[in-house]
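Dear colleague,

Please find below the structure I am handing over to you. My notes on what was found in it follow directly after.

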Amino acid sequence: MNKNYDGLAIFFESFACDKNCPYCIAKDNIQFLNKNENFDQLENLLKQFSESGLHFDKFILSGNGETSLQDYETLKGIAQIVSNYSNLFRNKRFYTSGNLFFEDKKFELINRYFDQINIMINSLNPELDMQVTRYNKAIWSNENVKRAKNIKLDISLTNYLDTEHFIRDIEERLKEFPNIKKVKLKRLKYHGEETKQSKWIRENMMSEQAIDKLSEILTQKYPKFTNSKDTYFKIKEDCNLILNAAGRKNPTKWLFIKNDKIFNYYDEELDMKKVLEGEAL
Ligand code: SF4
């Protein structure tokens, strides 16, 4: 029986965030509202997973808003419990849009217990990033960024940078921060009714043609590029540049913990017996 899951994620339901991105739907995500966060049973859940021989490729701690705005004690509790069951996970990741680096104590904690910090930003160009997200903290001049063990950058593809600019900025960052091990370029897509966010995305995101041009240049520039057509491009082993032009790829075997219960990607609560038997999804 295959008891390997792709990942286990904890998403805080709070949508508190210190950015103000024009495409943000965190506050509109009604399924997350009015629930109390509760991790009383986390240790017990992980213990059961461990005893049943489950294995997860990734563990993710993320927020519906900015993850590092959670209080220190909550983060510490989760980090310690998860590290007690490190054998369950190949790789532990913490998601931030930048604030983590400005909170020294939380940064030390996360950098110690997690393998990778994922930074979600709008643009590699600091001024443009700050302008779009209405954020006034300069992430790239914060020394903690250099001190992070491993970083993955998750960048939205906005249309105000030309391709050359974009590639030059990526290369400069990779040179300056050798701890950036992966870069993922993401084209925001909005599925659903017409809202001010979807309008902004339509008007400001890089076009399909521009993305095609970008991927063509990247493919020429990096011979090791493996182009898996409409999903991901990978550049090289130790520093992958991933272009996800097709939007988010649905995780196939992902479990989510919310309020000490286990859910699948589609927000359905799962039968614990099936989870433990590796047959939940
Ligand atoms: S960083 Fe994320 S959660 Fe925060 S405002 Fe931007 S899109 Fe929303």
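The axes of helix 2 (residues 72-84) and helix 3 (residues 104-113) come within 10 Å and cross at roughly 10° (axes are lines fitted to C-alpha atoms over the stretch in contact, with angles from 0 to 180 degrees between N-to-C directions). Helix 2 is therefore roughly parallel to helix 3, a term for angles under 35 degrees. Helix 2 contributes Y72, L75, K76, A79 and S83 to the contact, and helix 3 contributes K105, K106, L109, I110 and Y113; contact requires C-beta atoms, placed from the backbone, within 7 Å. By class, six of these residues are nonpolar, one is polar and three are charged.

The model is predicted: local features need pLDDT of at least 70 and side-chain atom pairs pLDDT 80 or more, while totals for chains, interfaces and linings use all residues. Residues are numbered from 1 along each chain as its sequence is written.

Overall, the protein has nine helices and eleven strands (DSSP runs of H or I, at least four residues, and of E, at least two, numbered from the N terminus). Of its 281 residues, 28% are buried, meaning 20 or more other C-beta atoms within 10 Å; 12 or fewer is exposed, and in between is partly exposed.

Phi is positive in both residues, near 50° for N259 and near 65° for D260. Most residues other than glycine have a negative phi. N259 is partly exposed, with 14 other C-beta atoms within 10 Å; D260 is also partly exposed, with 13.

With kind regards

Key: Angles under 35 degrees count as roughly parallel, over 145 as roughly antiparallel, 65 to 115 as roughly perpendicular and the rest as oblique. Two residues are in contact if their C-beta atoms, placed from the backbone, lie within 7 Å. Ala, Val, Leu, Ile, Met, Phe, Trp, Tyr, Cys and Pro count as nonpolar, Asp, Glu, Lys and Arg as charged, and the others, Gly among them, as polar.
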